[in-house]
Amino acid sequence: MSASSSGEEKVTWVGYLAFVLTIVFFSGFFAKSTEWWRVLDFTVLNGSFGAVNGALTFRGEGGTGAKDGFLFALELAPSVILSLGIIAVTEGLGGLRAAQQLMTPILRPLLGVPGICSLALIANLQNTDAAAGMTKELTDEGAITDHERAIFATFQTSGSAIITNYFSSGAALFTFITVPVITPLAVILVFKFVGANFLRLWIAHMEVRRVQEER
């Protein structure tokens, strides 16, 4: 997921198309569809584990210690592997260079992160693990700094996977809330940005303080 060549190679229409399709893939837009195009959704392709003895998965229940932790980590592996594979294909088609060009003017003022983070941002709305894996790869390849990683991680961990969680777990409350269903979701999304910018301001303050102390 390298950003080193983003300014060296021209972005073609294939790159822009790959970027748009990847956004659609991670957005959850086709998750509830019953038509063939549901295969364009990350959650659908990620699938689910089969049931053992009714509602239990292979992990079972009542586990403890390292063994249960290992099975928990094993549950996360498919989504991370799939997401990184999709991003690798997107990068090969020039989609990440397109993301850098299109989204940096938007994400810089909003979050203080480069546009190459946009796909991880979209993925975070649907899947926590995929977004975390993508962010780690961005950091490892030097596409984002430590400060940008901290800000972006704050955005992700606040209300992570809000679309998936809100419309699954939160659906039980839809008949009781007195505001439009979309309103709580919008509030959560807004405060994801608010929380990230609080950390952004704190980091900026600490940087100014550090510079003053070095003089």
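The model is predicted, so local features need pLDDT of at least 70 and side-chain atom pairs count only at pLDDT 80 or more, while totals for chains, interfaces and linings use all residues. Residues are numbered from 1 along each chain as its sequence is written, and side-chain values use heavy atoms, with hydrogens and water left out. Helices are DSSP runs (H or I, at least four residues), as are strands (E, at least two), and they are numbered from the N terminus. Axes are lines fitted to C-alpha atoms, for helices over the stretch in contact, and angles run from 0 to 180 degrees between N-to-C directions.

**Helices α7 and α9**
- Helix α7 (residues 146–157) packs against helix α9 (residues 182–214) at an angle of about 155 degrees, with the axes 7 Å apart.
- The two helices are therefore roughly antiparallel, a term for angles over 145 degrees, whereas those under 35 count as roughly parallel, 65 to 115 as roughly perpendicular and the rest as oblique.
- Contact, meaning heavy atoms within 4.5 Å, involves residues of α7 including His147, Ile151 and Phe155, and residues of α9 including Phe193, Leu199 and Arg200.
- The residues of this contact divide into 7 nonpolar, 4 polar and 3 charged, where Ala, Val, Leu, Ile, Met, Phe, Trp, Tyr, Cys and Pro count as nonpolar, Asp, Glu, Lys and Arg as charged, and the others, Gly among them, as polar.

**Helices α3 and α6**
- The axes of helix α3 (residues 65–92) and helix α6 (residues 128–140) come within 8 Å and cross at roughly 55 degrees, which makes α3 oblique to α6.
- Leu76, Ser79, Val80, Ser83, Leu84 and Ile87 of α3 meet Asp129, Ala130, Gly133, Met134 and Glu137 of α6, and these residues divide into 6 nonpolar, 3 polar and 2 charged.

**Helices α1 and α4**
- Helix α1 (residues 13–27) and helix α4 (residues 95–111) have axes that come within 7 Å and cross at roughly 80 degrees, so that α1 is roughly perpendicular to α4.
- Gly15, Tyr16, Ala18 and Phe19 of α1 make the contact with Gly95, Ala98, Ala99, Gln101, Leu102 and Met103 of α4, and by class there are 7 nonpolar, 3 polar and no charged residues.

**Annotated spans**
- An unreviewed UniProt entry gives the annotation "transmembrane region" to residues 12–31, 70–94, 106–125 and 171–191.
- In residues 12–31 the end C-alpha atoms lie 29 Å apart, and the span is 75% helix and 0% strand.
- In residues 106–125 the end C-alpha atoms lie 17 Å apart, and the span is 65% helix and 0% strand.

Terms used
UniProt positions are given in the numbering used here, feature names are shortened, and annotations may be inferred rather than shown by experiment.
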